[in-house]
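Trainee: Hi, could you walk me through a structure? I'd like to ask questions as we go.

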Amino acid sequence: MSRDLALVWVAEAAVFALVIAGILAERPWALGAAGGALAAAGALVRWAPGLRTALARAFARRRGAALGCGVVLALALPLALRSSPYWTFVATLALLYVTIGQGLNLQIGTAGVINLAGAAFAGLGGYSVGLLTVAAGWPSWLAVLVGPWVAVAVGAILFVPILKTRGHYLALVTIAFVFIFNILMNNLEFTGGPQGIKNIPTLHLFGYAFTTRPVLAGVELPAHANFYYAALVVAGLTTWVLRRLHDSWLGLALNTLRDDEIAARCSGVAVARGKLLAFSIGNFFIGLGGAVYAVIVGFVSPPDFDFGYSLVMLSVIIIGGVDSIPGVILGACLLVPLPERFRFLHEYRLLLYGVVIVVMLLYRPRGLWPAQVRRYR
Amino acid sequence: MALDGVDVAVAEGETVGVIGPNGSGKTTLFNALTGLYAPAGGEIVFRGRRLAGLEAHAIARLGIARTFQASRLCLDLSVFDNILIGMHAGRRTGLVDFVVRRRRFLGEIRAALERASHLLALFNRDLPSRGFERVGQLPQIDRRRVEICRALAAAPTLLLLDEPSAGMNPEETAELMRDLRIVREEMPGLSVVIIEHDMFVIEGVSQRVVAFNYGRKIAEGSFAAVAAHGEVRAAYLGTEAVGA
């Protein structure tokens, strides 16, 4: 049994070390070496059946340890990245995408409610924080708590009639909604027009300002590490809540109405109510991601919440695994940092991005970490 | 297909067979009963309550469960999940229990899983151990059983079976009849209405038979009486064959 434990820790630590090496590699050859080593490790697991079953068994038996090890490594990440505030920020962004992705996954993955307005609901959270702090003078933490409810309220009021329709009407209307949101933000006076809202005050919690550089285990970290840890707590809580909702009567009812609406209705599922609930809960967490983004970056403007970001959010789910909660984490951790890593490819990286999605849809339509059967644990 | 002047009553604990040629309105009757179609007129009364105008999920919660002619299972979900959805309406725990008071929810779901296992074991003793497999991996006969289990899971007072033997070979049909007899024994108070084309099944399971044609009820009575009824024979075989 302790062999299982060792296997879990070694596997997670190895992946962590290789990812850090890949991120911090300055020269192309070093990046190539780190990437090659990761690919080799993946291939080894893929084509060495003995190792594969041993790993699978170890992770199945030691779920708690695997999770604990993951948490420890996530906490240690800013230490490993301390030389680079930029990458600490990218990691923070990835965590916000985890938060947003989990919310969106409840809608798209679990309930089949295709929401392509993720960027607009994140924007509603972000702009609410901007307005509440800068114009109304609220403290940032309070604004972050209230912002997501604006996304929920707008979603519930505007989309109730459309949630009752079947097919792809909702998807079309949500696309329209992102563009309307952008046009409004660009043209409304009180949201700052194209300039957006600047100078959103940073977070202060119990007298601790998030702009001070934290010291962890005797090592001074960049100030961005504060936000990393805040985003980690938010992403962790979000994942925890949504995992429990997924493995519940709610997740079951939403899956059923997604797969067969008539069977769901004849089993006593109130379909319209279920969809509205999924849509609202999802929008809460999407809005939360946007709200936290606003206090981290310190300003919001229309291009931060345009349709392209809706597509990135959708890709997180498709690549990670539709309706898969660990898949969303994996998808966000791949999709946010990787394009940054390949910035030297300039315009071509968008091409690469498209190729990756097409390949995924062709060969792994269920995603890199497919949804498992509900176990109610 | 419209129904016209259909008058069918089902007593508690009774099994009523519904026969009639394709397009005679049998499934339409079920769809009207379960609220999938809104009737333009007439009355459906279930244990003293009017059903016309109620939504499908509300009718289901009153105790009417059904199966479908073409399977309507969620093939990507587990066997257990497909049955648990039948118990969803009777849940006692809510959002707060799912997230914070998890134990309460898990206690309830454990009892529900046990009930699902019990229902599966009635029909096939090997099925409970496959409960966490996806339904799509089961053979056709077991899928039909899961669908019946889903309907029974809601602890209904009226069970509507829409041509359960559709697409089955004779051996499977025999197994199905055995399954239906088990339902009968296990739930003596349950009223069952079964649509069937297989007269062997109808004769074997129903106490009373109703025959439909062109949306009208053309005969009602024991299987033998209905099978001998002139209009029924004409509907199935054509007037010339009967006349000759």
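This is a predicted model: local features need pLDDT of at least 70, side-chain atom pairs count only at pLDDT 80 or more; totals for chains, interfaces and linings use all residues.

Trainee: Thanks! Which domains does chain A have?

Mentor: The assignment gives chain A domain 1 (1-80) and domain 2 (85-363). Their C-alpha centres lie 27 Å apart.

Trainee: And how many residues are in contact between those two domains?

Mentor: Five residues of domain 1 of chain A contact 11 residues of domain 2 of chain A. On the domain 1 side, helix α4 (residues 63-80) of chain A gives the largest share, four residues. By class, that side of domain 1 has five nonpolar, no polar and no charged residues.

Trainee: What about chain B, how is that one divided?

Mentor: Chain B has domain 1 (1-63 + 156-244) and domain 2 (74-142). Taken over C-alpha atoms, the centres of the two are separated by 28 Å. Eight residues of domain 1 of chain B and five residues of domain 2 of chain B make the contact.

Trainee: Which elements are on the domain 1 side there?

Mentor: In chain B, α2 and α7 (170-186) each give two or more residues to the side of domain 1 that touches domain 2. The most come from α7(B), with five residues. That side divides into two nonpolar, one polar and five charged residues.

Trainee: OK, switching topic. How many residues are in contact between chain B and chain A?

Mentor: 30 residues of chain B contact 24 residues of chain A. On the chain B side, α2 (56-61), α3 (79-87), α4 (95-99) and α5 (102-123) each supply at least two residues. The classes on that side of chain B are 16 nonpolar, five polar and nine charged.

Trainee: Now the sheet in chain B. What is the strand order?

Mentor: The order is β4-β5-β6-β1-β7-β8 in chain B, six strands in an open sheet with mixed pairing. At its edges stand β4 (64-66) and β8 (216-221) of chain B; each has a single partner strand, so one side of each has no neighbour in the sheet. From one strand to the next, the twist averages 20°.

Trainee: Is β5(B) mostly covered or mostly open?

Mentor: Mostly covered, as five of its five residues are buried. On one face of β5(B) are Leu158(B), Leu160(B) and Asp162(B), and on the other are Leu159(B) and Leu161(B), with both faces covered.

Trainee: Back to chain A. At what angle do helix α5 and helix α14 of chain A pack?

Mentor: Helix α5 (residues 85-110) and helix α14 (residues 325-335) of chain A pack at about 140°, with their axes 8 Å apart. The crossing of α5(A) and α14(A) is right-handed.

Trainee: Which residues meet there?

Mentor: From α5(A) there are Ala94(A), Tyr97(A), Val98(A), Gly101(A), Gln102(A) and Asn105(A). They meet Ile325(A), Val328(A), Ile329(A), Gly331(A), Ala332(A) and Cys333(A) in α14(A). That contact has eight nonpolar, four polar and no charged residues.

Trainee: Why does Tyr97(A) count as buried?

Mentor: Tyr97(A) counts as buried because it has 27 C-beta neighbours inside 10 Å, and the cut-off is 20 or more.

Trainee: What does Tyr97(A) touch, leaving out residues up to four places away in sequence?

Mentor: Tyr97(A) touches Val316(A), Ala332(A) and Val336(A). As for Ala371(A), it is 274 residues from Tyr97(A) in sequence and 19 Å away in space, C-alpha to C-alpha.

Trainee: Great, thanks for the tour!

Conventions. Residues are numbered from 1 along each chain as its sequence is written. Chains are lettered from A and ligands numbered from 1 in the order in which they are written. Two strands pair if DSSP finds at least two bridges between them. Axes are lines fitted to C-alpha atoms, for helices over the stretch in contact, and angles run from 0 to 180 degrees between N-to-C directions. Domain bounds come from an automatic or database domain assignment. Two residues are in contact if their C-beta atoms, placed from the backbone, lie within 7 Å. Ala, Val, Leu, Ile, Met, Phe, Trp, Tyr, Cys and Pro count as nonpolar, Asp, Glu, Lys and Arg as charged, and the others, Gly among them, as polar. A crossing is left-handed if the near helix is turned anticlockwise from the far one by less than a right angle, and right-handed if clockwise. A residue is buried if 20 or more other C-beta atoms lie within 10 Å of its own, exposed if 12 or fewer, and partly exposed in between; C-beta atoms are placed from the backbone.
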